[in-house]
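Please find my notes on this model below. They go through it point by point and can be read beside the sequence and the 3D view.

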Amino acid sequence: MSWIAIGVTADIPLRGARCVTTPQGPIAVFRTVENRFFAIEDRCPHKGGPLSQGIVHGAQVTCPLHNWVISLETGMALGADEGSVRTFALKVEGEKLLISSEALARRTA
Amino acid sequence: MNKKERLVIVGAGMASGRMLEHLFETDPERFDITLFGAEPRGNYNRIMLSPVLAGEKSFDQIVTHDAAWYDAHQVECRFGETITRIDRAAKMVCSASSETPYDKLVIATGSAPFMIPVAGRDLPGVMAFRDYDDVQAMVAAARKKGAKAVVIGGGLLGLEAAAALRLYGMEVVVLHLMGHLMERQLDAAAGYLLQKELESRGIKVHCKAQTSAIVGHGRTEAVLLDDGTLYPADIVVMAVGIRPEARIATDAGLHVERGIVVDDRMLTSDPDILAIGECCEHGGICYGLVAPLYDMAKVAAKTLTGVEAAFRSIETATQLKVTGVSLYSAGDFADAPDREDIVLRNSGAGIYKRLVLKDNRIVGAVLYGETTDGAWYFDMLRKGTDVSEVRETLIFGQSRQGGASLDPMAAVAALPDDAEICGCNGVCKGKIVSAIIAKDLTSLDDVRAHTKASASCGSCTGLVEQLMTLTLGDKYNPGAVQPICGCTTLGHGDVRRLIKAKSLKTIPAVMQELEWKTSCGCAKCRPALNYYLVCDWPDEYADDYQSRFVNERVHANIQKDGTYSVVPRMWGGVTSAKELRAIADVVDKFHIPTVKVTGGQRIDMLGVRKEDLPGVWADLGRAGFISGHAYAKGLRTVKTCVGSDWCRFGTQDSTGLGIRIEKFMWGSWTPAKVKMAVSGCPRNCAEATCKDVGVICVDSGYEIHFAGAAGLDIKGTEVLGVVKTEDDALEHIVALVQMYREQAHYLERIYKWAKRVGLDEIRRQILEDPQKRKAYFDRFAFSRKFAQVDPWSERVSGKDKHEFRPMAAIGFPVVAEGAL
């Protein structure tokens, strides 16, 4: 598995998110209150809202358009809503954040 | 002109407060009234001191009559002045500094805490639990880390104090002289269950404790019992009982036994002097509970106005106000040969119920752990209902009678219309139900406002809510008690109150202290908490942008495709060629697809890419624009008509006033968006009468409107009042908005808040009470110092750069090419 550096941990505020653009569309990278990092597709399964702009709570994000709640761990919509977004492998090496290039590739298959 | 009779009242407590209310309802013009109170403050709901001590309520919330109320009713208040003597011959009351003549005198001096006569009782650190000063002293002591408290007295008051002090983390010991706690209300078995419950909370209970001394050098350090036990104590709270405060009556030669003796009309042995409340004695009994005191107040008001009325002693029920303990007792349950007991115990569930019967009638009831049937038993007790027919199943409660279902609602449904629901205020079921129907009441606060049910000690709140559910069905939405979200059991009102009461100043502190169930809240509670903290601690709280909705974080409105819209501020809706040119240039430069005029007289540029926002703002900023806050829970727009500058009908400079309001109020966060308008004449071209706040200019001044809506709901505004000058108009509007900022629930528009708190209350505070108004105004003015920073120029200068740029841009990965 090869990894692509996307930045450092300090780039993302606690309970916040940034987005990474890719040819296949944006990916949202999250940092939770417990300092865990997640990468998921930046597109709500409901109406395509930018999840990277939502409020981050626990290991979840609430979409800014219509308040769907998406699990950062599984990519699944929580509560009464049904749907899911892709999740991507992410690793932290010291300060550095790296995203799996294979995950990016598989998305297009 | 007839000279009014002079009524002097000594004692500004709950009984005299209630008497004044009755007096003003029936004969407001009859007396010139002077009110003396030894405490340096007006009347408050003394039975709610325990929740204040526990931090569940603030003092302001238990004030029943404030300065404005006394003012409005022209009561001359002499608070802090102690009456030392009554001169009956000269018909005067005397203090150290004054002599005040009366035609009628009401003594309502209440009671004094009984301090047991042991050595050391005068040491600093020994206190009673009687008034707000005591509460403040206890809270101050409890703040000290590792502080220890000894409470002497295991009755209602002592236990409420102990539980509250324990909540602050103090080590608490309760010393009780008798064999079990609350022996006047509980039998030994229930006393034992209560003791176990308190011990499980870390409160040590020592019964049969005979205090022999309080010891310490210069201040209290420990309490010594006669068996040699020594309990360390930083404070000692004496709650062993009260005695009627009857000294001035005794000195004046009135008939006094334990209390000041009164007849059925509340007259003392001097026909021009009445006595009410805890200081008096009727039929050999001194009362200490609120219900009979309120009855006395009513009777005294009638006697004063020459209406026949008689006080009758009544049965009272008591409940312990300790969160999480359900305890109900009523009547008499001493053992006697002609009495029978029915007892139900369920130790697993911690339930104990005991009914005492005499001649097939209930004379006493003790319920522990499960108190829903209290009102039912009490109703039968008061009426002397013969229970022989239902005896077998009586103890299982009302829901088990006559094959009725187990639905908890059934118990309330089966109560007769004259069953008393609120003991404090003597409100029966029928009155509550008919008020709900006749006045279309849908919230608990409404019902409290209209019937007073559950408005005093609040222990019947559950019953009142059940009645509402019963009467309204699905229409009853207990919004006031609904939790903010799944992260907490507390509602918005409780959280706002506790933030102030406990001085909570960060979101983590709120979540920790108020026992949030999630690690860092959710998208519903965090923005609410962030607003409450911004509002309550403007100079101390650091705004948490991660707890703000994206629009407020990036200061633009997100659109369905993820682009944003930008609305620059145009003060009062007025613009210029230079501004319009700048907007046109920005639209061209950034290829903005749509430009539209808004309902609030602004120009909206739609479809701006997020990365372009700082560039757009920079160009707009150079033309003098700041953010229009079209995305904010804050002041959006003040819409105006052209007013006296141009219009042939205009009466005042409506445009100028609109601009002035907007320049004063922009930038401050509010619970929900605030839209305003100023119309220059009653033709109302600015449509001010459907706004959150509106002004209609008239020849004589400015008519201020509020609580309109033209969105999900449509509602015309209410009139706050008419003021003479532009300065007055600004002060009233700012004060009104500040009151809303401090009280409303997050996302609650002004019209909903106003409905909840009542229009009269708002008028009373903003229109009729200049001091309150000024204080609100000043608090807004203080907080705006921290709010009026243009967020756009901040971001043009580099703030929150991360919001507007992707973290990284990745090209096609090598492996992806094969897959394509």
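**Notes on charges and domains**

1. I start with the surface of chain B in this predicted model. Lys298(B), Lys302(B), Lys431(B) and Lys439(B) gather there in a patch of positive charge. One of these residues, Lys302(B), sits in helix 9 of chain B, which covers residues 290-304. Is Lys302(B) buried, partly exposed or exposed? Its relative accessibility is 36%, so Lys302(B) counts as partly exposed; the limits for that class are 20% and 50%.

2. Next come the charged pairs. Side chains of opposite charge can pair when their charged atoms come close. Over all chains, the count is 55 salt bridges, where a side-chain nitrogen of Lys or Arg must lie within 4 Å of a carboxyl oxygen of Asp or Glu.

3. One salt bridge to look at joins Asp544(B) to Arg15(A), with 2.8 Å between the closest N and O atoms. This pair crosses between chains. On the chain B side, Asp544(B) is in the loop between helix 18 (525-536) and helix 19 (550-554). On the chain A side, Arg15(A) is in the loop between strand 1 (3-8) and strand 2 (16-21). Asp544(B) has a relative accessible area of 14% and is therefore buried. Arg15(A) is at 16% relative accessibility, so this residue counts as buried too.

4. Within chain B, Arg756(B) and Glu748(B) meet through their side chains in a salt bridge of 2.9 Å, N to O. Why is Glu748(B) classed as buried? Because its relative accessible area is 11%, and buried means under 20%.

5. Another pair in chain B is Glu794(B) with Lys799(B), a salt bridge whose closest N and O atoms are 3.8 Å apart. Glu794(B) has a relative accessible area of 26% and is therefore partly exposed. Lys799(B), at 32% relative accessibility, also counts as partly exposed.

6. Which residues are linked in a network of salt bridges? Asp66(B), Glu761(B), Arg764(B) and Lys772(B) are linked in this way.

7. Last, the domains of chain B. The assignment gives domain 1 in two segments, 5-112 and 244-304. Domain 2 spans 126-240, domain 3 spans 492-548, domain 4 spans 552-631 and domain 5 spans 639-787. How far apart are the C-alpha centres of domain 2 and domain 5 of chain B? They lie 51 Å apart.

Note on methods. Residues are numbered from 1 along each chain as its sequence is written. Chains are lettered from A and ligands numbered from 1 in the order in which they are written. This is a predicted model: local features need pLDDT of at least 70, side-chain atom pairs count only at pLDDT 80 or more; totals for chains, interfaces and linings use all residues. Side-chain values use heavy atoms; hydrogens and water are left out. Domain bounds come from an automatic or database domain assignment. Patches are made of residues with over 30% relative accessible area and no salt bridge: like charges are joined within 9 Å, nonpolar side chains (Val, Leu, Ile, Met, Phe, Trp, Tyr) within 5 Å. Accessible areas come from the Shrake-Rupley method with a 1.4 Å probe; for residues, only the protein chains shown count as cover. Lys and Arg count as positive and Asp and Glu as negative; His and the chain ends are not counted. The place of a charge is taken as NZ of Lys, CZ of Arg, CG of Asp or CD of Glu. Helices (H or I, at least four residues) and strands (E, at least two) are DSSP runs, numbered from the N terminus. Buried means under 20% relative accessible area, exposed over 50%, partly exposed in between (1.4 Å probe, protein chains only).
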